[in-house]
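Let's take a friendly walk through this model, one topic at a time. Keep the structure open beside you as you read.

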Amino acid sequence: MQDNKKQKIFIPEYVTLYQRLYRSKEFIDDCYNEPIDLNAIAREAFFSPYHFLRLFKKVYNRTPHQYLTERRIDKAKELLKKNETSVTEVCFDVGFESLGSFSSLFTRNVGISPVEFKRQYERRIFLSVHFPEKLIPGCWIWYIKG
């Protein structure tokens with residue numbers, strides 16, 4: 001009976017803790033393109049910066065800075081798929097302050113440079129419009145031909 005009372009006391013505390021961490025994650029999602037730092041994110045969740053850093057890493061298995069970088073890179077990939085945007089515009093639109101750091105982080109996370117990513121995407125679109133048969137895997141064609 002004693003254990004049930006303890007569980008009832010601690011469960012709301014953990015739920016509130018998670019809600020505060022989730023609120024900070026939503027803050028990063030909403031403000032990824034602005035210059036935000038650990039203090040601002042921690043303030044959003046009502047934690048001290050160092051306590052927040054430890055809890056965020058424990059719950060999400062990455063630091064807030066790593067999550068912010070991933071979010072910015074994901075958004076950059078979306079923007080690079082649009083024809084009218086240049087790599088430099090995308091860099092500043094997603095919140096990076098330096099084209100060099102953007103390019104190196106993008107390459108580290110994606111495996112290719114932003115320019116190469118944009119070029120490969122445009123080539124894929126061109127092929128799908130003008131040569132759709134080029135995108136069909138050879139094994140599938142062999143299977144159909146029997």
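## Around helix H2

H2 itself covers residues 38-45, and its buried residues are Ala40, Ile41, Ala42 and Ala45. Buried here means under 20% relative accessible area, exposed means over 50%, and partly exposed lies in between (1.4 Å probe, protein chains only).

This is a predicted model, in which local features need pLDDT of at least 70 and side-chain atom pairs count only at pLDDT 80 or more, while totals for chains, interfaces and linings use all residues. Residues are numbered from 1 along each chain as its sequence is written, and side-chain values use heavy atoms, with hydrogens and water left out.

## The overall layout

The protein has eight helices and zero strands. Helices (H or I, at least four residues) and strands (E, at least two) are DSSP runs, numbered from the N terminus. Of the 146 residues, 28% count as buried. Among contacts with a separation of 6 or more, 49% come from residues 24 or more positions apart; contact means heavy atoms within 4.5 Å.

Where does Glu34 lie? Glu34 is in the loop between helix H1 (2-31) and H2, and is partly exposed, with a relative accessible area of 40%. From Glu34 to Asp93 there are 59 residues in sequence, yet the C-alpha to C-alpha distance is 8.9 Å.

## The aromatic rings

Rings of Phe, Tyr and Trp (its six-membered ring) pair if their centres lie within 6.5 Å; planes under 30 degrees apart count as stacked, over 60 as edge-to-face and the rest as tilted. By this rule there are nine aromatic pairs. One of them joins Phe47 and Phe52, and this pair is stacked because the ring centres are 6.3 Å apart and the planes are at 25°. Phe47 and Phe52 are both buried.

Phe52 also pairs with Phe56, with ring centres 5.5 Å apart and planes at 55°, so this pair is tilted. Both residues belong to helix H3 (residues 49-60), where they sit four residues apart, about one turn of the helix. Like Phe52, Phe56 is buried. Ring pairs link Phe47, Phe52 and Phe56 into a cluster with Tyr18, Tyr22, Tyr60 and Tyr67.

## Charges over rings

A charge sits over a ring if NZ of Lys or CZ of Arg is within 6 Å of the ring centre and within 35 degrees of the ring normal. Arg20 lies over the face of Phe47, 3.9 Å from the ring centre. Arg72 lies over the face of Phe96, at 5.6 Å from the ring centre.

## Helices H4 and H6

How do H4 and H6 pack? Helix H4 (residues 64-80) meets helix H6 (residues 99-110) at an angle of about 95°, with the axes 10 Å apart. Axes are lines fitted to C-alpha atoms, for helices over the stretch in contact, and angles run from 0 to 180 degrees between N-to-C directions. H4 is therefore roughly perpendicular to H6, a term for angles of 65 to 115 degrees (under 35 is roughly parallel, over 145 roughly antiparallel, and the rest oblique).

On the H4 side, the contact is made by Thr69, Ile73, Ala76, Lys77 and Leu80; H6 brings Phe102, Leu105, Phe106, Asn109 and Val110. By class, that contact has seven nonpolar, two polar and one charged residues. Ala, Val, Leu, Ile, Met, Phe, Trp, Tyr, Cys and Pro count as nonpolar, Asp, Glu, Lys and Arg as charged, and the others, Gly among them, as polar.
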